Amino acid sequence: MIGGIQTFHDSSESLHNDLILASVADGVFTVDHNRTITSFNRAAEAITGWTQDEVIGKPCRDIFHSSVCGNDCLLQKAIDGNSMFVDRSIFIKGKAGNSIPVTISSAPLLDDFGNIIGGIETFRDNTSSIRESLILDSIADGVFTVDRNWNITSFNRAAEEITGWSREEAVGMSCSDIFHSSICGKNCAIAESLYTGAPVANRSITIRNNHGDKVPISISAAPLTDHEGNIVGGVETFRDLTAITALRQQLSQKYTFDAIISKAPAMQRLFGILPEIARSPSTVLVLGESGTGKELIARALYNSSERANKPFVIVNCAALPETLLESELFGYKAGAFTDARKDKIGRFAAAEGGTLFLDEIGDLPGSVQVKLLRVLQEKVYEPLGSNVPVKANVRIITATNRDLEALVGEGSFRNDLFYRLNVVKIILPPLRERKEDIPLLIDHFIKKYSAQQGKDIVGISGAALSLLMRYNYPGNIRELENIVEYSFILCDGGYIQPQHLPDPFAAGCEALPSSRSGAGPQTLEELEKQAILLSLERNRWRKMATCRELGISKDTLRRKIERYGIASQTRDENASRD
């Protein structure tokens with residue numbers, strides 16, 4: 001022996017590869033041709049519970065006991081076919097015997113010369129994602145997420161049930177192509193949350209399901225962020241309001257008769273007798289201020305009568321001059337006057353068998369009053385230029401905002417005609433005396449103009465409603481409808497706010513004609529106190545009537561009277577009056 005020799009080679013590459021495998025978050029193992037495990041990284045140990053020393057040299061099927069072990073083994077197929085399998089979901093068994101959901105990818109393992117020497121498989125633990133999926137699928141509300149391109153990335157089971165679309169159909173599609181909602185576009189809630197970075201809560205909209213049917217829902221949207229706070233998409237939850245909407249419709253039916261809406265006690269009593277009046281052939285006189293809905297009453301009586309399939313003819317007695325009104329009502333024969341070249345039927349003939357509604361009857365000229373009285377008494381009339389009586393099978397409904405009894409006293413309205421008209425008298429209260437109807441009417445007008453204008457305005461804010469509740473409405477319901485229509489011009493969607501109302505509402509409540517308006521903004525308690533006080537005054541301090549108007553119990557009214565000191569204030573006022 002004259003010395004020694006030592007050889008060495010650079011193993012930094014293999015050491016580097018080992019470090020990489022140990023750092024990979026997914027489990028990684030390799031096998032030879034016999035599917036015997038040759039390597040097992042740190043993540044594989046953490047997922048399965050097996051250590052590398054325990055598994056090296058053992059068949060992979062004895063370690064994993066997966067749902068594809070045997071003839072369906074993806075790793076063997078990858079080796080035999082020199083192909084890859086990516087993201088296949090299976091179950092494996094951990095060392096403790098627990099089932100673990102994983103996603104696997106299999107590929108052949110090649111040497112430096114491209115020869116297949118085994119196989120490599122990576123697997124990812126899906127336990128947390130499946131748990132999250134199960135949680136999402138257990139939520140009764142629909143939940144879906146989108147990326148920044150508005151493409152749906154997840155869709156839970158409730159979303160499938162509400163929309164009728166399956167998860168497979170929805171994922172990857174644009175949310176607008178799935179929902180066709182009433183706010184798709186610039187008013188999109190999820191878009192608003194993405195651009196502002198703030199959540200949008202409890203917005204009522206409608207969508208279309210996969211059958212094309214409208215579904216009312218309530219939505220909330222928020223941005224979806226990654227671990228670093230970057231917005232990567234959006235998440236939206238939605239709740240099916242179909243049942244609630246149906247209940248509201250059933251409730252609203254209690255407060256409606258034909259197209260008339262009211263919960264006021266006076267109107268409710270009227271609703272109770274209107275069907276009987278409609279079935280009667282008697283003449284009806286409808287009294288009320290301008291804008292209270294006298295024509296709606298006339299139409300409701302017509303629609304509920306046996307003449308509903310016959311004509312309904314309207315004549316505004318104040319809109320036509322005296323010289324034309326008679327010919328309009330009764331018609332004329334050719335030659336009756338200079339321009340009468342041929343016969344023309346009047347409104348009575350046009351309404352034959354049906355109903356004639358004479359609006360503004362208080363403005364009927366004296367000469368026409370005589371002829372109308374004959375129709376009511378004898379059921380006949382004579383067209384201008386004719387002396388042949390014509391039978392009139394017409395039910396007459398009249399309306400006026402004037403005091404007919406006062407006109408009779410002045411001599412401008414015939415006494416006998418008044419009593420002929422006053423067979424059935426209906427008196428409509430002004431809106432200021434039925435303020436509990438304002439929210440119902442506003443909701444009705446919002447639905448009406450939303451349908452007409454295609455805007456997704458779903459309601460009115462509490463602040464705006466408070467302003468409208470304190471107004472006296474000299475123009476009654478017609479004025480309220482005009483206010484809502486004006487608000488639709490300024491409001492793009494969502495809820496009508498005070499700034500959307502016309503002047504003087506938008507300028508603040510101090511400009512309103514209210515008997516008790518403060519100089520500045522009022523708290524909720526002040527508004528509630530004022531509402532109770534106004535209701536008590538309207539009902540002459542009758543507490544049960546006040547309870548019915550406000551929709552509260554007698555005990556609640558008593559507690560609020562004591563809380564706001566209204567009772568002592570009332571006693572002081574009564575004492576001062578005495």
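**Note on helix packing and selected residues**

1. Helix α14 passes helix α16 in a left-handed crossing. This comes from a predicted model, and the points below should be read with that in mind.

2. Two packed helices are described by the angle between their axes and by the distance between those axes. For α14, which spans residues 322-330, and α16, which spans residues 366-378, the packing angle is about 15° and the axes lie 10 Å apart. Because angles under 35 degrees count as roughly parallel, α14 and α16 are therefore described as roughly parallel to each other.

3. The contact between these two helices can be followed residue by residue: on the α14 side Glu322, Leu325, Glu326, Leu329 and Phe330 take part, and they meet Ser367, Val368, Lys371, Leu372 and Val375 of α16. Sorted by class, the contact of α14 with α16 holds six nonpolar residues, one polar residue and three charged residues. An α-helix has 3.6 residues a turn, so residues three or four places apart point the same way.

4. For the chain as a whole, the model contains 25 helices and 21 strands, and buried residues make up 41% of its 578 residues. Among the contacts in the chain with a separation of 6 or more, 58% are between residues 24 or more positions apart.

5. Helix α10, residues 189-196, has as its buried residues Ala189, Ile190, Ala191, Ser193 and Leu194. The elements that cover these buried residues include the strands β6 (142-147), β8 (200-208), β9 (214-225) and β10 (231-240). Just after α10 comes Gly197, which takes a positive phi of about 75°.

6. Where is Ser386 placed, and is Ser386 buried or exposed? Ser386 sits in the loop between β16 (380-381) and β17 (390-391). Its relative accessible area is 19%, and because buried means under 20%, Ser386 counts as buried. A polar atom of the Ser386 side chain lies 3.1 Å from the backbone nitrogen of Val388.

7. Ala266 belongs to helix α12, which covers residues 265-279. With a relative accessibility of 36%, Ala266 counts as partly exposed, because that term applies between the limits of 20% for buried and 50% for exposed. The C-alpha atom of Ala266 is separated by 8.5 Å from that of Leu428, although the two residues are 162 residues apart along the chain.

Definitions and conventions
Residues are numbered from 1 along each chain as its sequence is written. This is a predicted model: local features need pLDDT of at least 70, side-chain atom pairs count only at pLDDT 80 or more; totals for chains, interfaces and linings use all residues. Side-chain values use heavy atoms; hydrogens and water are left out. Helices (H or I, at least four residues) and strands (E, at least two) are DSSP runs, numbered from the N terminus. Buried means under 20% relative accessible area, exposed over 50%, partly exposed in between (1.4 Å probe, protein chains only). A polar contact is a pair of N or O atoms within 3.5 Å; within protein, one must be able to donate a hydrogen and the other to accept it, and residues adjacent in sequence count only if both atoms are side-chain atoms. Axes are lines fitted to C-alpha atoms, for helices over the stretch in contact, and angles run from 0 to 180 degrees between N-to-C directions. Angles under 35 degrees count as roughly parallel, over 145 as roughly antiparallel, 65 to 115 as roughly perpendicular and the rest as oblique. A crossing is left-handed if the near helix is turned anticlockwise from the far one by less than a right angle, and right-handed if clockwise. Contact means heavy atoms within 4.5 Å. Ala, Val, Leu, Ile, Met, Phe, Trp, Tyr, Cys and Pro count as nonpolar, Asp, Glu, Lys and Arg as charged, and the others, Gly among them, as polar.
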